[in-house]
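These are my notes from a first look through the structure, kept in the order in which I looked things up.

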Amino acid sequence: MNISQKSKNKYSDSSTLIELLICLAILSSTLYPLVYMLQLSRPKHPSSQNEYLATLLAHHATEALVAKRALSPEFLPEIVSNSPVVVHKNSANRPHTLFDSLMPDGAQMNETNDPEVFWAFKPFNFSIDTYIADNNFYKVICQVNYTSNNLKSRIYFDKLISLNQSTSPANGGDSDD
Amino acid sequence: MTKKGAIKLESLLPITAALIIAVALFGCFRFYTLKLNPVSDVLDINSKYTDILLEMRADTLLTAKAIVGENNVTLLNAKKENIASYAITDGKLIRTDHSKKSEKILIDKLKNGAFWTNANLPNLLTVRLLPADPAEIPFFTSFALRGYKHE
């Protein structure tokens, strides 16, 4: 083998390696869109912002109920259906009394005195369901309803109130579910 | 005329396989670690709010009295001992644990915030936090002071 043949072989060797590396680079880069598509197809976290705010409002209502019961143990909430959380301009429905203290000064929240929070709360409605369980317990279900992506959703907290105060263990005979 | 490479095909195959596996593993790693920005923001604010909710809920279970200031609240137990205090300073909500003498920033980048109790319900502490980013939801909820005794 002479020198010219050797250099020719070397040239052909290096071109084979470069072709292989180019193939690998293309193959690697084609994987990224695949990974991106998989990433997009991942289910999003179930807790959306609306869902979280509804949870906070339902928590507020339940805690307000606990506070009311601590001050007046005879208080039992009544059934409420779809009352707004804030005062709507064109609606005759008033917010439930559990949502009276939305402002530090005790005023009703409206779109002028606290617009940022008002618009955040506007999509939500509040309901209370009650029923007597086992003749001794009064079950209260505080629900916050909202519409998200044309789907009606709700968040609810349960509260079990003992009707027989003498057997109440603590906290006015109430228990959290 | 056929080309002859310096490296044999048999020795190239494991290298190729190793590279493909490495790229696939890197892809999987990116898949599990990367989050889309809007989703991560939501998760971020929700997890911070959950921290606030859990901290305040644990504190108010023992609270008999809440001393509310302009941008702060101090929680006292039935023995009038200081349990914890929450203050909004420079857009940050800071919880001070008086027993451990420690401070913790629960959330930052707040536009404003307030704590209050209602005249009709003095045993209900309401918290309202408004983030600086208007796209993020406000924090609004209440906590019954479980150690409250009506005087």
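Predicted model: local features only at pLDDT ≥ 70, side-chain atom pairs only at ≥ 80, totals over all residues.

Entry 1, a loop residue in chain B. I looked up Leu61(B), which sits in the loop between α2 (37-60) and β1 (65-68) of chain B. Its relative accessible area is 45%, and therefore I wrote Leu61(B) down as partly exposed. Leaving aside residues up to four places away in sequence, I found that Leu61(B) touches Arg146(B) and Gly147(B). I then checked Tyr148(B), which is 87 residues from Leu61(B) in sequence, while the two C-alpha atoms are 9.4 Å apart in space.

I counted three helices and five strands in chain A, and from the N terminus on their order reads α-α-β-α-β-β-β-β. Chain A has 177 residues, of which 38% count as buried. It exposes about 10,300 Å², and carbon and sulfur atoms supply 57% of that area. Taking the contacts in chain A between residues at least 6 apart in sequence, I noted that 47% join residues at least 24 apart.

On the surface I found a nonpolar patch formed by Ile18(A), Ile22(A) and Ile26(A), which together have about 280 Å² of accessible area. Ile22(A) belongs to helix α1 (residues 3-41) of chain A, and its relative accessibility of 46% makes it partly exposed. I then turned to Lys139(A) in strand β3 (residues 137-148) of chain A, which counts as buried because its relative accessibility is 15%. The side chain of Lys139(A) makes a polar contact with the side chain of Asp158(A), at 3.4 Å.

How many aromatic pairs does the structure hold over all chains? I noted seven. In one of them, the rings of Phe99(A) and Phe126(A) have centres 4.9 Å apart and planes at 70 degrees, so I recorded the pair as edge-to-face. This pair links distant parts of the chain, since Phe99(A) lies in the loop between β1 (80-84) and α3 (115-121) of chain A and Phe126(A) in strand β2 (residues 125-133), 27 residues apart. Both Phe99(A) and Phe126(A) are buried.

Phe121(A) and Phe140(B) also form an edge-to-face pair, with 5.3 Å centre to centre and 75 degrees between the planes. That pair crosses between chains, from helix α3 of chain A to strand β8 (residues 139-144) of chain B. Phe121(A) is buried at a relative accessible area of 0%, and Phe140(B) counts as buried at 0% relative accessibility.

Definitions and conventions: Residues numbered from 1 in each chain as written. Chains lettered and ligands numbered in written order. Heavy atoms only, no water. Patch = residues over 30% accessible without salt bridge, like charges linked within 9 Å, V, L, I, M, F, W, Y side chains within 5 Å. Areas by Shrake-Rupley, 256 points an atom, 1.4 Å probe, with all protein chains shown as cover. Salt bridge = Lys/Arg side-chain N within 4 Å of Asp/Glu carboxyl O. Helix = DSSP H or I, 4+ residues; strand = E, 2+ residues; numbered from the N terminus. Buried < 20%, exposed > 50% of the residue type's maximum accessible area, 1.4 Å probe, protein only. Contact = heavy atoms within 4.5 Å. Polar contact = N/O pair within 3.5 Å; in protein donor to acceptor, adjacent residues only side chain to side chain. Phe/Tyr/Trp six-rings, centres within 6.5 Å; stacked < 30°, edge-to-face > 60°.
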